Amino acid sequence: MEFTLIVLLVIALALFFDFTNGFHDTANAMATPIATGALKPKTAVLLAAILNLIGAFLSTEVAKTISGGLIREGADGGVLISPEMVFAGLIGAIVWNLVTWLYGLPSSSSHALFGGLIGAAVVGAGFSAIDGGVFMSKILLPALAAPLTAGLVAFAATRVAYAITRRHDGRKDGRGRFRYAQIASSSLIALAHGTNDAQKTMGVITLTLVAAGLQDPGTGPHFWVIATCAIAIALGTYSGGWRIIRTLGAGLTDVKPAQGFAAETSTAATILASSHLGFALSTTQVASGSVIGSGLGRKGSTVRWRTVGRIASGWLFTLPAAAIVGAVAALIAHLGTWGIILDAVLGLFFILFIFWRSRRNKVDAGNAIAVPDVAESGYAVRMGKGRVKKVSTKTGTVPPLTPVAQSAVRSDKAKRAAEKARREAEKAARKAAKKAAAKKQREGDNA
């Protein structure tokens with residue numbers, strides 16, 4: 001009875017991790033179309049949730065990598081990790097996910113999961129429990145190669161998009177129409193995300209069932225596992241993850257429609273290829289790499305390297321930080337039933353604290369990009385006359401603009417002031433000329 005309860009507790013925690021993965025990674029698909037105005041914020045997250053749900057049913061290769069590859073099998077055919085250790089690893093992953101979400105840092109939920117499991121497995125069974133070959137070939141190397149590959153592809157795609165639409169006759173180039181194409185490309189990312197990230201939780205639950213002797217080693221996830229994980233990640237996606245949407249949509253570079261389309265297609269292609277090969281890469285790293293590459297590919301664009309540095313630091317610390325938390329949780333879990341209960345209580349306290357802390361600086365659909373930052377994208381898309389529209393929030397106030405938005409406002413005001421001064425100067429010149437002509441005529445009449 002006690003053993004079954006632990007397994008159920010692990011499954012529940014795994015589904016909660018799947019939920020956090022959903023809202024942590026919504027930005028991967030929907031940050032750029034929201035930033036360019038291609039999709040309204042709530043429409044974007046609803047579309048992403050539906051496609052994540054569908055994508056979760058399309059493949060199980062990544063789930064097999066986690067359930068039957070990363071953690072070695074023992075002499076009896078079972079994996080060298082107990083359900084208690086899986087529970088501890090999930091705590092490490094969830095803690096890191098929530099910390100990075102609080103600070104709007106698009107870190108890797110996937111690597112947080114791998115780090116937590118590795119830390120717990122090392123405490124529970126030693127370093128021999130980790131299959132180093134699988135770790136290097138299907139986790140570490142893709143983590144290094146995927147964002148670089150996506151960035152290079154996005155750079156090239158952006159250059160091609162702007163070269164094709166370049167005009168020399170002074171007419172409109174039509175690049176704003178890429179916003180319509182963004183709906184398709186961002187939808188493809190959401191679908192691809194479901195085929196990759198939802199499977200990681202499927203793999204964890206399958207790993208737990210194998211470790212508990214409730215499923216044969218080497219077998220894939222059951223249908224009920226696939227269905228519950230698909231629903232959990234879809235619900236998490238629909239909740240938004242607005243803090244990270246703000247960072248990816250406006251924090252790295254000012255995204256224009258053609259640039260956003262190039263970034264999204266590059267992200268989708270990389271994720272789909274990795275899912276087919278069973279590589280458990282980070283969709284967050286791929287999406288970030290694509291946005292940076294597209295920013296470098298557009299002439300005149302500025303990439304905010306300080307933000308890039310913060311994100312890269314998060315990537316660097318994700319695996320070891322989650323592994324340390326997972327290892328500490330595993331040490332506590334070794335105390336037996338009371339250790340599991342203590343882990344659960346500490347984990348619940350931390351989750352509640354993070355959500356309470358996030359209320360002090362609330363970010364939602366109304367102010368993630370739509371209030372200060374869609375103003376910035378308005379200059380990219382040239383909405384209306386290019387002016388910043390003041391969008392009222394629930395409180396009736398408008399949050400202060402970001403430095404980029406302030407710069408854009410100053411630039412726009414300066415242009416309007418210069419145009420006004422030019423028109424006034426022309427008017428004054430015409431008035432002076434008319435006055436001089438009238439004076440000359442009067443002098444001629446008097447003569």
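**Overall surface and make-up**

How much accessible surface does the protein chain have, and what share of it belongs to carbon and sulfur atoms? The accessible surface comes to about 20800 Å², and 65% of it belongs to carbon and sulfur atoms; such areas are calculated by the Shrake-Rupley method with a 1.4 Å probe, and for residues only the protein chains shown count as cover. This is a predicted model, in which local features need pLDDT of at least 70 and side-chain atom pairs count only at pLDDT 80 or more, while totals for chains, interfaces and linings use all residues. Residues are numbered from 1 along each chain as its sequence is written, and side-chain values use heavy atoms, with hydrogens and water left out.

The protein chain has 15 helices and zero strands, where helices (H or I, at least four residues) and strands (E, at least two) are DSSP runs numbered from the N terminus. Of its 447 residues, 53% are buried, a word that stands for under 20% relative accessible area, whereas exposed stands for over 50% and partly exposed for the range in between (1.4 Å probe, protein chains only).

**The nonpolar core**

The largest nonpolar core holds 80 residues, and Val 86 and Leu 90 touch the most other members; a core of this kind is a set of buried Ala, Val, Leu, Ile, Met, Phe, Trp, Tyr and Cys residues joined through side-chain atoms within 4.5 Å. Apart from neighbours within four places in sequence, Leu 90 is in contact (heavy atoms within 4.5 Å) with Val 10, Leu 13, Ala 14, Phe 17, Leu 113 and Val 204.

**A buried serine**

Ser 109 belongs to helix α5, which covers residues 109–125, and it counts as buried because its relative accessibility is 1%. When residues up to four places away in sequence are not counted, Ser 109 touches Phe 17, Asn 21, His 24, Asp 25 and Asn 97. The side chains of Ser 109 and Asn 97 are joined by a polar contact of 3.2 Å, meaning a pair of N or O atoms within 3.5 Å, of which, within protein, one must be able to donate a hydrogen and the other to accept it, and residues adjacent in sequence count only if both atoms are side-chain atoms.

Ala 344 is part of helix α13, residues 337–358, and counts as partly exposed because its relative accessibility is 31%. Although Ala 344 and Ala 88 are 256 residues apart in sequence, they are 9.2 Å apart in space, C-alpha to C-alpha.
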